[in-house]
Structures are given as C-alpha cells and as structure tokens.
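Me: I have a protein open on my screen and would like to go through it with you piece by piece. Could you take my questions as they come?

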Amino acid sequence: MSDINADAWVSSGHRPMGFPEFVVVIASIMALNPLAMDMMLPALPNIRSAFQIADANRPQMVLSIFLVGFGVGQFVMGPLSDRFGRRPVLLGGMTVYTIAGLLAIMAPSFETLLLARALQGLGTAATRVIATSIVRDCYAGRRMASVMSLAMMVFIAVPVIAPSFGQAVMLLTHWRGIFVLLMIYGVIALAWSAMRMPETLPKELRKSLAIPEVLSAFRQTVTNRQTLGYALAAGGVQGSLFAFVFSSQQIFTEVFKLGHYFPVAFAACAVGVAIAGFLNSRIVGRIGMRVISHAALTGFAVVAGALFIAVKTSTLSLPLFMVLAGLMMFAFGLMMANFTALAMEPQGKIAGTASSLYGTITTLLGIGVGTTIGQDYDGTLLPFATGFFLCTLAALAVVLVTEKGRMFRPHHHPI
C-alpha cells in the first residue's frame with residue numbers, strides 16, 4: 001500500500017511502536033504456536049528412545065497434548081483479556097510458555113514432558129487469541145485485513161519451515177536443544193512485548209466476567225445454526241490435518257523410507273496451505289466465502305476418496321501421495337479462513353467470546369479425531385486414509401445440513 005507509512009494510516013493505539021515494528025511483533029508472537037508444534041516432528045523417535053517408550057505411537061502425545069492446552073486456553077484467554085486488558089494476559093501467557101520450556105528441558109520423565117507441553121500450549125493460546133484482539137483494537141476494515149495478512153504470511157510460513165529447523169537442531173545437538181531454542185525465542189518475544197507493546201484495550205471498553213453474561217454469550221454461540229455448523233465442520237476437517245501431522249514423521253520415514261529428508265517432504269506438502277491463503281485473499285471478495293469453501297470441501301472429499309482407493313488397491317506411490325497431500329493442504333487452506341468467517345458472521349457483538357469458543361470447539365474436536373486416527377497407525381497408510389475419508393464425509397454432511405442443502409450459493413443474510 002502506498003500510504004502504509006503515512007501517520008494518518010497508522011493507529012495511535014500501539015504507540016510508541018510504528019507500523020513495521022507492530023506487524024513484526026504481532027507476527028513473532030503468533031509464530032510461537034506453530035514453531036512449538038512443528039519443530040518437534042523430527043524429534044519424536046529420539047524422545048521415544050530417551051524415555052524407552054514401548055508403544056511406537058505414544059510419542060505423538062507430545063503434539064496432541066500441546067494442542068489440548070492450546071484448545072482449552074483459547075476458551076479462557078478471550079474473556080480474560082476482555083476483562084483485564086490485553087497486555088497482562090499476553091505477558092502472563094508468554095511467561096507460562098517460557099517456564100514450560102525450562103520444565104521441558106529438564107524433564108526427567110515422559111509424563112513431565114507432557115505436562116510441560118500442555119503448559120506450552122496454554123501459553124500459546126494467549127499469544128494466538130490476544131494478537132488477533134490487539135490488531136482488532138488498533139485497526140478496522142481494510143487496515144485490519146492488511147495487518148493480519150502481513151502477520152498471517154509469517155504464521156502460514158512457519159509450519160512449512162519449522163520441521164527443517166527442528167532437524168537442523170537435531171543434527172547439532174540433543175532433542176532437548178529444540179526446547180532450548182524455543183525458550184530463547186519465547187524470552188526474546190516476551191521481553192520485546194513487555195518493553196514495547198502498550199495496553200490497547202481502554203478501561204471503558206472492558207467487559208464484565210459475570211457468569212450470567214459469559215454463559216449467555218456461550219449459549220448464543222452454540223445455539224446459532226451457522227456458527228455451530230461451521231465449527232463442527234472445521235473440527236472434522238482439522239481432525240484430518242492433525243492426523244496427517246501426528247502421523248507424518250512415521251509415514252515419511254517408515255512407509256516411504258525418506259529418513260532425514262522427511263522435513264523436506266513435509267514442507268513440500270505444506271506449501272499448499274500458503275498458496276491457498278494467498279489465493280483466497282485475492283478472490284474471496286469477488287467469489288464469496290461459501291462458493292470457495294464449499295468447492296474446497298468437495299475437492300477435499302475427492303482427494304480423500306482417491307487416497308483411500310489408492311491405499312486399498314496398493315497403488316499408492318510416494319509421488320502420488322505427495323500430490324494428494326499437497327492438494328489436501330491446498331483445500332484446507334481455502335476452507336479454514338472462510339469457515340471461520342462464516343461461523344463468526346452472525347455473532348457481531350460477542351465476537352471475542354464467540355471466537356474463543358469457536359477456537360476451543362474446532363481445536364479440541366480436531367485433536368480428538370486426529371489423535372484417534374494417529375494412534376491407530378499400524379505401519380501402513382490405511383488408518384490415516386480411512387480416517388481422512390470418514391472425517392471429510394462427516395464435514396460435508398454437516399455443511400449440507402447447516403446450509404439446508406443449498407451449497408455454493410452466496411447468502412445475503414446469516415442463517
């Protein structure tokens with residue numbers, strides 16, 4: 001944008017930071033979550049060896065328990081920040097994240113490591129929810145979209161490169177070195193935010209934490225057909241993605257024998273999400289959220305069916321799997337932003353609370369489904385292909401019911 005640095009364009013709400021610094025800080029705190037998730041992928045076999053874990057699928061819990069903390073955390077971070085302000089909740093969450101990193105570095109047992117991971121997830125829930133809230137406090141409309149798109153470029157890019165970072169650390173040091181790196185990053189982000197990020201929610205705009213008000217907002221969220229429908233559909237779709245992430249290290253190293261090249265293959269698949277995010281931002285205003293997300297969900301189902309047939313007929317080669325996984329990620333990237341926007345569309349005045357509850361529902365449902373599929377891994381792709389296909393059919397059915405059978409049609413009013 002030509003006027004991106006003009007004083008009139010830049011919000012005074014984040015002074016003393018200028019616009020470039022504000023975007024960098026928002027992007028850096030949002031990156032805590034995908035870094036802490038995806039850098040761990042190459043370390044799972046080493047963690048299994050270090051703690052002498054007999055069950056080959058149990059190390060996946062390092063990923064799933066982190067997401068449980070993240071899902072539960074979203075439920076409380078939004079209302080807390082609406083009541084006490086953004087800054088104390090953000091700094092508190094980042095402090096929990098840093099302490100959890102120290103606990104993970106020193107963890108004497110697998111159970112202690114899982115506790116540390118749950119706390120890390122809880123801490124990153126604050127960074128994810130509150131970063132969005134801070135942007136909303138400072139900007140609106142086109143300007144908010146501009147800031148969020150710049151920050152989301154980083155958020156989307158991190159999962160693509162994080163496994164390679166993790167693999168690089170593993171080549172240089174022990175798996176605990178990943179937690180050292182994550183903790184150092186967390187300390188830098190915490191210090192930067194503490195010194196430079198002001199409070200962006202004025203006291204007169206803060207909301208009560210009175211139980212009846214909170215319960216009323218929750219009830220309004222879960223009883224809305226459109227919000228609940230798209231939350232459940234997003235959870236099913238996310239379950240497919242989590243199943244892929246949880247099983248990816250085993251699939252690429254055991255089924256396809258890629259060894260240390262696993263992060264490269266994972267990155268090649270994950271690039272699809274980034275491309276879809278960019279494409280969606282360019283076409284959504286012209287085509288509409290429903291048309292794009294419904295077409296992507298249909299494509300997702302076709303990919304799931306093709307993968308299932310290829311696995312059942314023993315015709316799945318690595319190149320075919322890479323193409324199908326890339327298409328899966330691409331369709332996912334087109335669906336999630338639009339499903340979220342459609343779910344939030346009817347919520348207006350309770351957007352903060354509704355967003356927290358939506359995040360919790362989709363994350364926890366996704367974890368439940370993804371963990372179930374991941375734990376069924378048996379050395380073949382059949383459990384993943386079957387779970388992926390069933391999840392997609394369920395999500396498609398939910399959207400059909402939510403839209404009363406009217407797929408691919410823009411609506412002028414929420415259902």
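Me: Let's start with Arg-86: is Arg-86 buried or exposed?
Reply: Before anything else, keep in mind that this is a predicted model. In this model Arg-86 has a relative accessible area of 3%, and because anything under 20% counts as buried, Arg-86 is buried.

Me: Ok, and where is the place of Arg-86, and which residues is Arg-86 in contact with?
Reply: Arg-86 belongs to helix H5, which covers residues 86-106. If you set aside the neighbours within four places in sequence, the residues in contact with Arg-86 include Ser-81, Ile-130, Ser-133, Ile-134, Arg-136 and Asp-137, and Glu-199, Thr-200 and Leu-201 are also among them.

Me: What about Pro-198, how many residues apart in sequence are Arg-86 and Pro-198, and what is the distance in space?
Reply: The two are 112 residues apart in sequence, while their C-alpha atoms are 8.9 Å apart in space.

Me: Going back to H5, how do H5 and H6 cross?
Reply: Their axes come within 8 Å and cross at roughly 155°. Because an angle over 145 degrees counts as roughly antiparallel, H5 is roughly antiparallel to H6, and the crossing of these two helices is left-handed. The residues of this contact divide into 15 nonpolar, 8 polar and 3 charged.

Me: And H1, at what angle do H1 and H6 pack?
Reply: H1 and helix H6, which spans residues 110-138, pack at an angle of about 160° with their axes 8 Å apart, and that makes H1 roughly antiparallel to H6. The crossing of H1 and H6 is left-handed.

Me: Which residues meet there?
Reply: On the H1 side you can look for Phe-22, Ile-26, Ile-29 and Met-30, and these meet Thr-127, Arg-128, Ala-131, Ile-134, Val-135 and Cys-138 in H6. Sorted by class, the contact of H1 with H6 has 8 nonpolar, 1 polar and 1 charged residues.

Me: How do H1 and H8 pack, and what is the angle?
Reply: Helix H1, residues 19-30, and helix H8, residues 176-196, pack at an angle of about 140°, and their axes are 10 Å apart. That makes H1 oblique to H8, and H1 passes H8 in a left-handed crossing. The contact is made by Glu-21, Val-24, Val-25, Ser-28 and Ile-29 of H1 together with Tyr-185, Ala-189, Trp-192, Ser-193 and Arg-196 of H8, and by class these residues divide into 6 nonpolar, 2 polar and 2 charged.

Me: New topic, His-294: buried or exposed?
Reply: His-294 lies in helix H12, residues 289-312, and because its relative accessibility is 0%, His-294 counts as buried.

Me: Which side chain joins His-294 in a polar contact?
Reply: That is the side chain of Tyr-230, and the polar contact between the two side chains is 2.8 Å. Leaving aside neighbours within four places in sequence, His-294 is in contact with Tyr-230 and also with Val-399, Glu-403, Met-407 and Phe-408.

Me: What is phi of Gln-52 near?
Reply: Phi of Gln-52 is near 50°, which is a positive value in a residue other than glycine. As background, most residues other than glycine have a negative phi. Gln-52 sits in the loop between helix H3 (44-50) and helix H4 (61-84), and at 71% relative accessibility Gln-52 counts as exposed.

Me: And Lys-257, where is Lys-257 found, and what is phi there?
Reply: Lys-257 is found in the loop between helix H10 (225-255) and helix H11 (262-287), and phi of Lys-257 is near 55°, again a positive value in a residue other than glycine. Lys-257 counts as exposed, because its relative accessibility is 65%.

Me: Last one, Leu-381: buried or exposed?
Reply: Leu-381 is buried, with a relative accessible area of 6%, and its place is in the loop between H14 and helix H15 (382-402). Beyond the neighbours within four places in sequence, Leu-381 is in contact with Ile-251, Val-255, Phe-256, Val-311, Leu-316 and Phe-321.

Definitions and conventions: Residues numbered from 1 in each chain as written. Predicted model: local features only at pLDDT ≥ 70, side-chain atom pairs only at ≥ 80, totals over all residues. Heavy atoms only, no water. Axes fitted to C-alpha atoms, helices over the stretch in contact; angles between N-to-C directions. Helix = DSSP H or I, 4+ residues; strand = E, 2+ residues; numbered from the N terminus. Parallel < 35°, antiparallel > 145°, perpendicular 65-115°, else oblique. Left-handed = near helix turned anticlockwise from the far one by under 90°. Contact = heavy atoms within 4.5 Å. Nonpolar A, V, L, I, M, F, W, Y, C, P; charged D, E, K, R; others polar. Buried < 20%, exposed > 50% of the residue type's maximum accessible area, 1.4 Å probe, protein only. Polar contact = N/O pair within 3.5 Å; in protein donor to acceptor, adjacent residues only side chain to side chain.
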